[in-house]
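Keep the sequence and the model side by side.

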Amino acid sequence: MLTEKLKTDEKNFKESVKRAAELLKRGGIVAIPTETVYGLAASALDGNAVKKVFAAKGRPQDNPLIVHIADISGLYEIAAEIPEAALECARRFWPGPFTMVLKSAGTVAECVSAGLDTVAVRMPSDETARAIIRESGLPLAAPSANTSGRPSPTSAKYVAEDLDGKIDAIVMAGECGVGVESTVVTFVTDVPRLLRPGAVTAEQLREIIPNIIIDKAVLSEPEKGAKVSSPGMKYKHYAPKTETYLVEGMGESFADYVNSKPRCAALCFEEESEKITVPKLVYGTKRDEKTLAHSVFSALREADRLGAEVIYVHAPSRTGVGLAVYNRLIRAAAFRVITL
Ligand code: TXA
Ligand code: MG
């Protein structure tokens with residue numbers, strides 16, 4: 001299949017939004033930018049289109065998708081019960097990198113929810129995404145636009161790396177600002193539960209839901225066969241092709257540790273970069289976790305090109321959006337953690 005590349009500079013923006021919407025209305029699948037990562041969109045009302053998304057990504061059938069809306073009216077069409085705490089979160093965090101799991105109204109195609117009676121909904125803030133949703137007049141089911149298991153794509157070139165030739169079009173915009181996927185909170189449990197950390201932080205959520213529960217799977221490996229609240233958390237994720245380890249602790253400096261190891265590469269902070277003598281990539285500054293979130297996925301993709309046998313990643317703090325970065329990295333490392 002020829003994948004159309006739709007440009008979004010001032011001259012082409014309107015035309016590209018129209019073309020993307022047209023393809024989506026006809027049951028096509030189109031990669032679109034959002035403020036978090038690129039998404040692979042299909043009409044959430046069209047089961048056949050959604051199945052093409054699962055196929056293009058190689059995504060397990062039991063892992064449900066997030067439905068993207070542009071206006072609050074979309075929420076009432078898709079969700080059956082909206083508790084007050086959820087509405088308050090919507091008012092505070094939408095449009096933005098925040099997803100709510102609610103009881104489904106049964107409007108979206110069954111495969112969107114992978115057979116669950118719940119649905120995940122998000123209102124992105126990215127202007128291109130919003131324009132495409134509005135122009136199509138559809139709720140859009142969109143997982144991250146990567147091959148399942150690979151790091152999520154934060155620029156159009158990484159979407160093309162995984163999906164060129166397998167999807168109808170890629171809307172070519174710049175780099176995603178946030179860099180990690182949205183925060184996912186479920187409201188169908190007695191007490192709301194954080195399933196996936198993101199740029200809307202646990203600290204911010206506690207201001208609205210003081211007793212919010214952080215799901216075990218955020219920081220630890222799910223036990224084999226255990227029932228998980230968010231199916232996405234049980235899969236190996238975000239992994240470079242090279243064997244990866246997460247390194248934390250202060251017993252020895254990260255620089256001394258990696259410098260003593262053969263045939264390795266390092267993903268490190270700006271502050272320590274000069275002291276590191278092995279091949280390395282800086283993925284941000286430890287003083288600002290937002291910079292780490294912005295670059296973590298591109299660093300994981302580029303790390304493979306350093307030609308090392310092992311990659312050591314310096315773990316961020318778990319505060320603010322650092323928790324989201326840590327959550328992605330511990331999965332990229334298949335839960336192999338080294339404590340210095
Ligand atoms: O920022 C984002 O959320 C991006 C952009 C494209 O919007 N999308 C994204 O989608 O990250 P995806 O499919 O890669 O991740 C969706 C996550 C998965 O962990 C999935 O298991 C969970 O949301 N999820 C979706 N529907 C759910 C449901 N009904 N109940 C529990 N978890 C659900
Ligand atoms: Mg994903």
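Start at ligand 1, where one of its oxygen atoms sits 2.8 Å from an N or O atom in the side chain of arginine 59. Note that this is a predicted model. Threonine 36 also reaches the ligand: a polar atom of its side chain is 2.7 Å from an oxygen atom of ligand 1. Arginine 196 does likewise, with a polar side-chain atom 2.9 Å from an oxygen atom of ligand 1.

Now widen the view. Ligand 1 has 26 residues around it. The nearest of them are Thr36, Arg59, Asn63, His68 and Ser182.

Next come the helix pairs. Two packed helices are described by the angle between their axes and the distance between the axes.

Take α1 and α5. Helix α1 covers residues 13-25, and helix α5 covers residues 127-136. Their axes come within 8 Å and cross at roughly 50 degrees. The crossing is right-handed. Which residues of α1 and α5 meet? From α1 come Phe13, Val17, Lys18, Ala20, Ala21, Leu24 and Lys25. From α5 come Glu127, Thr128, Ala131, Ile132, Glu135 and Ser136. By class, this contact holds seven nonpolar, two polar and four charged residues.

The other pair is α6 and α9. Helix α6 spans residues 156-163, and helix α9 spans residues 289-303. Here the axes come within 11 Å, again with a crossing of roughly 50 degrees. These two helices are therefore oblique to each other as well. The handedness of this crossing is left-handed. On the α6 side, the contact involves Lys157, Tyr158, Glu161 and Asp162. On the α9 side, Ser298, Arg301 and Glu302 take part. Sorted by class, the contact of α6 with α9 has one nonpolar, one polar and five charged residues.

Finish with the backbone. Is the peptide bond from tryptophan 94 to proline 95 cis or trans? That bond is cis, with omega near -10 degrees. Proline 95 lies in the loop that runs between α4 (84-93) and β6 (98-104).

Then go to alanine 334. Alanine 334 is not a glycine, yet its phi is positive, at about 50 degrees. A loop holds this residue too: alanine 334 lies between α10 (322-332) and β17 (337-339).

Methods: Residues numbered from 1 in each chain as written. Chains lettered and ligands numbered in written order. Predicted model: local features only at pLDDT ≥ 70, side-chain atom pairs only at ≥ 80, totals over all residues. Heavy atoms only, no water. Axes fitted to C-alpha atoms, helices over the stretch in contact; angles between N-to-C directions. Helix = DSSP H or I, 4+ residues; strand = E, 2+ residues; numbered from the N terminus. Parallel < 35°, antiparallel > 145°, perpendicular 65-115°, else oblique. Left-handed = near helix turned anticlockwise from the far one by under 90°. Contact = heavy atoms within 4.5 Å. Nonpolar A, V, L, I, M, F, W, Y, C, P; charged D, E, K, R; others polar. Near = heavy atom within 4 Å. Polar contact = N/O pair within 3.5 Å; in protein donor to acceptor, adjacent residues only side chain to side chain.
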